[in-house]
Amino acid sequence: MIESQRNSYHLVDPNPWPISSSLGAFATTVGGVMYMHSFQGGATHLSLGLIFLLYTMFVWWRDVLRASTGYVLFCSFWASSHYSLAPMEILFLNTLILLSSGAPVTWAHHAILAGKKKRAVYALLATVSLALVFKGF
């Protein structure tokens with residue numbers, strides 16, 4: 001029955017922790033009311049409810065951390081390698097070089113359409129030199 005409820009947005013496997021935490025909170029609430037109204041066993045009920053709730057919190061977060069550890073390690077590795085290999089200033093400079101390389105290409109295109117071979121060659125040389133500078137960074 002659980003398999004029929006899965007869809008493309010389902011990311012995690014079903015677990016008992018939401019219902020377990022609800023039961024622990026309910027037991028804590030009932031135990032607290034019993035304790036405050038001096039019913040026999042109220043303190044015991046409150047203590048067991050709190051222990052059950054704390055245990056559920058512990059194991060639920062343990063499962064969340066186990067599931068996310070691989071993702072966090074991958075993101076940390078990716079970010080550290082990305083920024084150590086290419087600091088932000090170089091990324092900005094490369095973006096400017098890449099955007100400015102469109103001008104000589106357009107110049108070469110218009111020179112070719114106008115039949116001006118020498119200007120087209122100069123424009124293409126400027127484009128290639130900007131590409132080499134881009135790749136150099």
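Buried means under 20% relative accessible area, exposed over 50%, and partly exposed in between, with a 1.4 Å probe and protein chains only. By that criterion, 17% of the 137 residues of the protein count as buried. This is a predicted model, in which local features need pLDDT of at least 70 and side-chain atom pairs count only at pLDDT 80 or more, while totals for chains, interfaces and linings use all residues. Residues are numbered from 1 along each chain as its sequence is written, and side-chain values use heavy atoms, with hydrogens and water left out.

**Figure 1. Overall fold of the predicted model.** The protein has 5 helices and 0 strands; helices (H or I, at least four residues) and strands (E, at least two) are DSSP runs, numbered from the N terminus. Along the sequence the pattern reads α-α-α-α-α. The protein exposes about 11000 Å², of which carbon and sulfur atoms supply 73%; accessible areas come from the Shrake-Rupley method with a 1.4 Å probe, and for residues only the protein chains shown count as cover. Among contacts (heavy atoms within 4.5 Å) between residues at least 6 apart in sequence, 46% join residues at least 24 apart.

**Figure 2. Spans annotated as transmembrane regions.** An unreviewed UniProt entry places the feature "transmembrane region" at residues 43-61, 90-108 and 120-136. UniProt positions are given in the numbering used here, feature names are shortened, and annotations may be inferred rather than shown by experiment. In the model, residues 43-61 are 100% helix and 0% strand, with the end C-alpha atoms 27 Å apart. Residues 120-136 are likewise 100% helix and 0% strand, and the end C-alpha atoms of this span lie 24 Å apart.

Figure 3. Thr 28 lies in helix α1 and is buried, with a relative accessible area of 15%. Apart from neighbours within four places in sequence, Thr 28 is in contact with Leu 46, Gly 49, Leu 50 and Leu 53. A polar atom of the Thr 28 side chain lies 3.3 Å from the backbone nitrogen of Leu 50.

Figure 4. Leu 46 is found in helix α2 and is partly exposed, at a relative accessible area of 21%. Leaving aside neighbours within four places in sequence, Leu 46 is in contact with Thr 28, Gly 31, Gly 32 and Tyr 35.

**Figure 5. The loop residue Ser 38.** Ser 38 lies in the loop between α1 (17-36) and α2. Phi of Ser 38 is near 60°, a positive value in a residue other than glycine. Ser 38 is exposed, with a relative accessible area of 66%.

**Figure 6. Nonpolar surface patch.** Leu 54, Met 57, Trp 60, Trp 61 and Val 64 form a nonpolar patch on the surface, with about 510 Å² of accessible area together. Patches are made of residues with over 30% relative accessible area and no salt bridge, like charges being joined within 9 Å and nonpolar side chains (Val, Leu, Ile, Met, Phe, Trp, Tyr) within 5 Å. One of the patch residues, Val 64, is found in helix α2 (residues 42-85). Val 64 counts as partly exposed, at 34% relative accessibility.

**Figure 7. The salt bridge between Arg 62 and Asp 63.** The structure holds 1 salt bridge, defined as a side-chain nitrogen of Lys or Arg within 4 Å of a carboxyl oxygen of Asp or Glu. In it the side chains of Arg 62 and Asp 63 meet at 3.1 Å, N to O. Arg 62 counts as partly exposed, at 31% relative accessibility; Asp 63 is partly exposed too, with a relative accessible area of 25%.

**Figure 8. Tyr 122 of helix α5 and Trp 107.** Tyr 122 has its place in helix α5 (residues 117-136) and counts as partly exposed, at 46% relative accessibility. Trp 107 is 15 residues from Tyr 122 along the chain, and the C-alpha atoms of the two are separated by 9.3 Å.

Conventions. Polar contact = N/O pair within 3.5 Å; in protein donor to acceptor, adjacent residues only side chain to side chain.
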